[in-house]
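This report describes selected local features of the structure shown below.

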Amino acid sequence: MEDDAPVIYGLEFQARALTAQAAETDAIRFLVGTQSLKFDNQIHIIDFDDENNIINKNVLLHQAGEIWHIGASPADKAVLTTCYNKTSDSRVVSCAAVWRMPSDWETGSHESPDDSAHNPQTLELLCHLDDSAHINTVCVLWEPMGDGKRVISLADNHALLWDLQESSTQAKVSNTATLEGKGQLKFTSGKWSPHHSCSQLATANDTAIRGWDLRTMSQIYCIENAHGQLVRDLDFNPNRQYYLASCGDDCKVKFWDVRNVQEPVKTLEEHSHWWVHWWGPGCRTRGGNGFRGKEPLKDSVVSTYEEHEDSVYAAEWSSADPWLFASLSYDGRLVINRVPRALKYRILL
C-alpha cells in the first residue's frame, strides 16, 4: 500500500546521527544514533513496513558515548562505524570505532514503537579508528560500493585512509593527507566520490571545499570561500560524475562542476538553516523545521515537509526504495516520507 502520509517515530533521547543501511537493498532500514550525557546511548535499527505503513525497531546499546556521526558498511549489514565523544584526562575528545551488531539482531523479535519494555543488547567493538596522533574525528566515510574494507576518517586537519583487516577487527592507516595553511585548520565534513573508481574525496573546512586524489593523497582542486560562512555538508551526484553539492551556514545550497570551480553552476536560497543531500530521483535540501524537495529540471519547490518541531540535522534516502527518505531532528523525532506520487509517476511515465 502506498500512502503519502508521513510516519513518525520518537526516540527517548536527542539525536542527530542518521544513515540508511547501505548493504540492505531489500528491506527499508535506517540506523539512528542518540546523544545523551546522563544515560547509555543507543543505536536504533528502524525497519519500515511500507505495506502496512508501520515502523518496527530494535535497540542496541552504544555505551562508548554520545554519537555525532554514524556510517553503515556497504558490504556487511551487521557492521557500522560511529564517531562519539568521550572524556579523557578531563577533556572531551571525539573518537571513532567500527562495531558489529549481535548475531541475532536481524532474526530477533521486533518491537512496536510504543513498547518500551525491552532489554537492548550491546554492540560488539571490532576496532578503534584513532590513535594518539589523530584525535577529534568528525566523520568516517566508507568506500562507496566497496567491499567494506576501506574507510576514511577526518580528524582535525588529517584525512586518514584505513584498511580494515581480519573481518574488520584490525585497522591500519595506509595513507594520509594533511590540510595545510595558516591558522588551526580543521575538516568539518567530507564525501567519498562514487566515481573515478572511488579515487577522489571532497572535504570541507571553514568556508572552503577541497578535492583530493586518494591514489597520491594530493589536492586536486580548491574552492576558496565556497560559502560566506562555514560549509556544513557535501554530496556528489551519483549519476553525473563531476557534480558536487554543498551547503553552509550562509543558508545557501550550491552546485559545482569540479572541472571548473571558479563559479557554482547553480545557487539556491530556500532555507533559513542548513544541510543538504541529493540522491534518488531528484535533489532534496534539508534544514530548519522542514525541508523541500527539488525537481531538477525546473528548480522549483516540489513539496515542503513540516513534521519536525526542532532543527533537522540529517536526511537520508532509503537504500531499498529510491522514492522514500527519513529525516531526523534534534529532539529525537524521525520522520519517514515519500516523494509525492504525482511527481514519481511523472518521472517514471
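In this predicted model, a nonpolar patch on the surface is formed by Tyr345, Leu348 and Leu349, whose accessible area together is about 380 Å². One of these residues, Leu348, lies in helix H1, which covers residues 341-348.

**Surroundings of Glu143**

Glu143 is located in the loop that runs between strand S11 (137-142) and strand S12 (150-155). Leaving aside residues up to four places away in sequence, Glu143 touches Pro74, Arg150, Trp192 and Cys198. With Arg150 there is a polar contact between the two side chains, at 3.1 Å. Pro194 is 51 residues from Glu143 in sequence, yet the C-alpha to C-alpha separation of the two is 7.9 Å.

**Burial**

| Residue | Relative accessible area | Class |
|---|---|---|
| Glu143 | 13% | buried |
| Cys95 | 7% | buried |
| Cys198 | 9% | buried |

Buried means under 20% relative accessible area; Glu143 is therefore classed as buried at 13%. The value of 7% likewise places Cys95 in the buried class, and Cys198, a contact of Glu143, is buried with 9%.

**Cysteines**

How many disulfides does a search of the whole structure find? The search returns zero. Cys95 accordingly takes part in no disulfide, and the nearest cysteine sulfur, belonging to Cys83, is 9.3 Å away. A disulfide would require the pair of sulfur atoms to be within 2.5 Å.

Conventions. Residues numbered from 1 in each chain as written. Predicted model: local features only at pLDDT ≥ 70, side-chain atom pairs only at ≥ 80, totals over all residues. Heavy atoms only, no water. Patch = residues over 30% accessible without salt bridge, like charges linked within 9 Å, V, L, I, M, F, W, Y side chains within 5 Å. Areas by Shrake-Rupley, 256 points an atom, 1.4 Å probe, with all protein chains shown as cover. Salt bridge = Lys/Arg side-chain N within 4 Å of Asp/Glu carboxyl O. Helix = DSSP H or I, 4+ residues; strand = E, 2+ residues; numbered from the N terminus. Buried < 20%, exposed > 50% of the residue type's maximum accessible area, 1.4 Å probe, protein only. Contact = heavy atoms within 4.5 Å. Polar contact = N/O pair within 3.5 Å; in protein donor to acceptor, adjacent residues only side chain to side chain.
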